Amino acid sequence: MFYRDGSFYDSAERQETRLQVEAAQRVGLLSELCKQPDLPMRLLDVGCASGYFLAAAEEAGWDAHGVERSEYVANRARDRYRARIHVGVFEKLIVPGAPFPVVTAWEVLEHAIDSVVFFRALVCNLAPGGLLAISTPLSDGVPARVMGRQFPMLTPPEHLSLFSRKSLNLLAAKNNLRELHFSSFSNLDGQSLSSGLSRLFFNQNIASLGNVTRVLLGTVAYGLVWMPRIIDRLGMGSEMLVVFQKNHQ
């Protein structure tokens, strides 16, 4: 019920430019990784939301299919991009065309009621030798360690499971996968950093603080916008992007 009406996605849609840039970067990464094993350019995007990644994939020449929980959001994607989207609970769906050479799940794993069952369903829809690409919060990155309980990715009932790189690799190994690519990202600009500092130091939403405090936090935050880039390069950001390859056996 939490995701069915589609209102959950409204706040993310306000970041359309970032989503489009991010989608294009991810398509580029997968296109490059598919060259060495010579995989067909056909993919299934699980939790495709409004279809930004599907659109970028189609534009790059991919045969792209999606799965989405919300009929409302799926229709919005279809109206925009004529996307081929199957609606329903992914773990219970029989997806036409499966298995796929590439399966993606961007910012979805942490929302699954049972992340182990959801991960297994991803692998079941993946062809031998195929690539599984996942992005999800990084539970032991620098932001998580520094902020502790104030880490903004701790948001039940939205985020139900958080993984470290090690724990995600353990889950992958149990499902006959090996890591092919790892990177971290944070998407932290001055405004996001201001909000994070407010939670860290005052345990409050920044909008509830006085004008002087907000200005001071904003000044500090905009002076620190370089820091997340360094942390991301070290693989210790707010989130991780991991690409696994499924063994042939």
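## Helix H5 and its surroundings

The buried residues of helix H5 pack against S1, strand S4 (100-106), strand S5 (126-137), H7, strand S6 (177-185) and strand S7 (239-246). Here a contact means heavy atoms within 4.5 Å, and buried means under 20% relative accessible area, with exposed over 50% and partly exposed in between (1.4 Å probe, protein chains only). Helices (H or I, at least four residues) and strands (E, at least two) are DSSP runs, numbered from the N terminus. H5 covers residues 115-124, and its buried residues are Ser115, Phe118, Phe119, Ala121, Leu122 and Val123.

Phenylalanine 118, when residues up to four places away in sequence are not counted, touches Val46, Phe90, Glu91, Ala105, Val108, Leu109 and Ala112.

## Basis of the model

This is a predicted model, in which local features need pLDDT of at least 70 and side-chain atom pairs count only at pLDDT 80 or more, while totals for chains, interfaces and linings use all residues. Residues are numbered from 1 along each chain as its sequence is written, and side-chain values use heavy atoms, with hydrogens and water left out.

## The chain as a whole

The chain holds ten helices and seven strands. Of its 249 residues, 48% are buried. Among contacts between residues at least 6 apart in sequence, 72% join residues at least 24 apart.

## The sheet

Seven strands form an open sheet in the order S3-S2-S1-S4-S5-S7-S6, with mixed pairing. Two strands pair if DSSP finds at least two bridges between them. S3 and S6 are the edge strands, each pairing on one side only. On average, neighbouring strands of this sheet are turned by 20° against each other, direction ignored. Angles run from 0 to 180 degrees between N-to-C directions, and axes are lines fitted to C-alpha atoms, for helices over the stretch in contact.

Strand S1 (residues 42-46) pairs with S2 in the parallel sense over five bridges, and valine 46 stands opposite valine 67 in S2. Between S1 and S2 the chain passes through helix H3 (residues 52-59), in a β-α-β crossover that is right-handed. Right-handed means that, with the strands pointing away from the viewer, the path from the first strand over the helix to the second runs clockwise. H3 lies across S1, S2, S3 and S4 and runs at about 170° to S2.

Strand S2 (residues 63-68) is mostly covered, with five of its six residues buried. Four bridges join S2 in parallel to strand S3 (residues 84-87). Glutamate 68 has valine 87 as its bridge partner in S3. The chain crosses from S2 to S3 through helix H4 (residues 71-81), and this β-α-β crossover is also right-handed.

S7 is mostly covered: eight of its eight residues are buried. Glu239, Leu241, Val243 and Gln245 point one way from S7, whereas Met240, Val242, Phe244 and Lys246 point the other way.

S7 is joined to S5 by seven bridges, and these two strands run antiparallel; proline 137 stands opposite glutamate 239. S6 and S7 also pair in the antiparallel sense, over eight bridges. Opposite valine 242 in S7 stands phenylalanine 182, and opposite glutamine 245 stands arginine 178.

## The nonpolar cores

A nonpolar core is a set of buried Ala, Val, Leu, Ile, Met, Phe, Trp, Tyr and Cys residues joined through side-chain atoms within 4.5 Å. The largest has 29 residues, of which Phe90, Phe118, Phe119, Leu122 and Leu132 touch the most other members. S1, S4, H5, S5, H7, S6 and S7 each supply at least two residues of this core. H5 gives the most, with five residues. Another core lies apart from it and has 25 residues, among them Val27, Leu30, Phe53 and Leu131.

## Serine 164

Serine 164 is found in the loop between helix H6 (142-147) and helix H7 (165-174). With a relative accessible area of 13%, serine 164 is buried. Leaving aside neighbours within four places in sequence, serine 164 is in contact with Leu138, Ser139, Asp140 and Met240. Serine 164 and leucine 138 are 26 residues apart along the chain, yet their C-alpha atoms are separated by 5.4 Å.
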